[in-house]
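Please look at the sequence and the 3D structure below.

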Amino acid sequence: MSLLLGIAALGVIITPQIVGIVADAMGMIPAIMILVVNVICMVGLAVLNSVRKEVK
């Protein structure tokens with residue numbers, strides 16, 4: 001559990017920096033798309049984890 005907390009904290013620290021760099025280089029729309037991709041990946045992994053637990 002502490003590993004997941006550490007990874008989440010790292011994501012919270014790095015994501016705004018990445019979004020800022022992309023916003024400066026490409027604009028706000030591509031920067032917001034990074035957040036959308038993050039959400040889609042998190043939901044996808046949560047569903048995969050749920051399905052995987054049901055199989056066992």
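## Ala-9 in its helix

Ala-9 is partly exposed, because its relative accessible area is 38% and that class lies between buried (under 20%) and exposed (over 50%), found with a 1.4 Å probe and protein chains only. Ala-9 sits in helix α1, where a helix is a DSSP run of H or I with at least four residues, numbered from the N terminus. From Ala-9 to Val-55 there are 46 residues in sequence, and the C-alpha to C-alpha separation in space is 30 Å.

This is a predicted model, in which local features need pLDDT of at least 70 and side-chain atom pairs count only at pLDDT 80 or more, while totals for chains, interfaces and linings use all residues. Residues are numbered from 1 along each chain as its sequence is written, and side-chain values use heavy atoms, with hydrogens and water left out.

## The largest pocket

The largest pocket has a volume of about 490 Å³ (a pocket is an open set of points on a 1 Å grid where a 1.4 Å probe fits, with protein on both sides within 12 Å along at least five of seven lines; lining residues have an atom within 4 Å of a point). Among its 14 lining residues, Ile-7, Asn-38, Cys-41, Met-42 and Leu-45 are the closest to the centre. Helices α1 (2-26) and α2 each give two or more residues to this lining, and α2 gives the most, with eight.

Met-28 belongs to helix α2 (residues 28-55) and counts as exposed, because its relative accessibility is 54%.

Key:
Grid points are joined across faces, edges and corners, and a volume is the space filled by probe spheres set on the points.
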